Amino acid sequence: MKKICIVAGARPNFIKVAPLIRAIEKTEGICYRLVYTGRSDDDTLEDSLFNDLGISRPDAFLEADCESLNELTGKVMSAFEHYLTQSPADVVIVVDDLASTMAAAIVAKKQGAKLAHLVAGTRSFDINMPKEINRLVIDGLSDLLFTAGISNNCITSREGTEQSRVYMVGNILIDNLRFNHGRWLRPAVFDEYSLHEGGYIVFTLNRKALISDRDNLREMLTAILSKAGETPVIAPLRNEARAVVSDLLGDIEGEDRVRMVSPMSYLEFGYLTSHAKGVITDSGNVAEEATFNGVPCITLNSYTEHTETVKVGSNVLVGEDAAQLSAALESLVAGRWKQSDIPERWDGRSAERIVSILLNA
């Protein structure tokens, strides 16, 4: 029996590993345990998330939680080393590029397990970003690199990675969209604000760099209100982003057109974004899902880990520039968006490919 340990370091990681867990549960000769590096009382891990994804809550929590990335790395390494000693695995799978992801990757290699990196080969090419360092370390250590597209494969090739270790399995987020087709839940905000499908814009915000620059964020919010016109903007924001945006909107004319709504369940948010006129976001995951759904997407960043969303899909990058945001949103509202398609292997079968590879690893 092939023993797999899947490590998640934050809420978005569970969305990416859910298809893999579902595929493993359907396959003989392989089993898994799910480990969360954070706290068991993490309020972002509501029961509805796991119910919506069709998976169980983690088998183990490492209880690592602190502001300092270096301190977090040390705590995860210590706790995960103890866990792997008690529960050995043939393969450890880590996701994305968090400090906790890098910590788990280092421990896995030291413990002699094979290391697999889900969503490998992503780069910002900004070495000053902590996540970029994490990506380089994790990919460098990994025995199996599961990439989402050709651009990610090219990156690993340029960096000298042995290509026999690299597998273009496609974008695993799309597996969830396929799985949940027909399961989306129409949110209550449709009736509350008299919304109709294709008649609103979704706005999400999470990046600390954007939230902390209040002057620039005010300019961007002003641009959104100016160019959205009569199209309502639905903003299901969390925590600090919600507080800062609410505060800034109070000084901007027409602020009532931005509807600050409570965070939604996964199935509700999936319905909201897939039926929107357009999306404004700083989330790569949201942009990738918009590409699959064919929904125009404006990303508040100067780069994307998956260039397919821009080259093939419905995504446009505007950085943190209010003027570029204004121009893009004007085109979106006017219906002058570019033609888009679905990138290669974004077909909802990534998890099946990964399990097949794991069985032979």
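Before anything else, I noted how helices and strands are named: helices (H or I, at least four residues) and strands (E, at least two) are DSSP runs, numbered from the N terminus. Residues are numbered from 1 along each chain as its sequence is written, and side-chain values use heavy atoms, with hydrogens and water left out. This is a predicted model, so I kept in mind that local features need pLDDT of at least 70, that side-chain atom pairs count only at pLDDT 80 or more, and that totals for chains, interfaces and linings use all residues.

**Entry: helix 10.** I checked the end of helix 10 and found glycine 229 following it, with a positive phi near 60°. Then I looked up the span: helix 10 (residues 214-228) has 15 residues and reaches 21 Å from its first C-alpha to its last, close to the expected 21 Å (1.5 Å times one less than the number of residues). I also listed its buried residues (under 20% relative accessible area with a 1.4 Å probe, protein chains only; exposed is over 50%, partly exposed in between). Among them are Leu217, Met220, Leu221, Ile224 and Leu225.

**Entry: helix 12.** How many of the nine residues of helix 12 are buried? I got eight, so helix 12 (residues 266-274) is largely enclosed by the rest of the structure. Tyr266, Phe269 and Tyr271 are included in that buried set.

**Entry: strand 5.** Strand 5 (residues 114-118) is largely enclosed by the rest of the structure, because four of its five residues are buried. I traced the chain from strand 4 through helix 4 (residues 99-110) to strand 5, and this β-α-β crossover is right-handed (with the strands pointing away from the viewer, the path from the first strand over the helix to the second runs clockwise). Strand 4 (residues 91-95) pairs with strand 5 in the parallel sense over five bridges (DSSP must find at least two bridges for a pair). In that pairing, valine 92 stands opposite leucine 115. On to strand 6 (residues 144-147): three bridges join strand 5 to it, again in parallel, and histidine 117 stands opposite leucine 145. Strand 5, helix 5 (residues 130-141) and strand 6 make a right-handed β-α-β unit.
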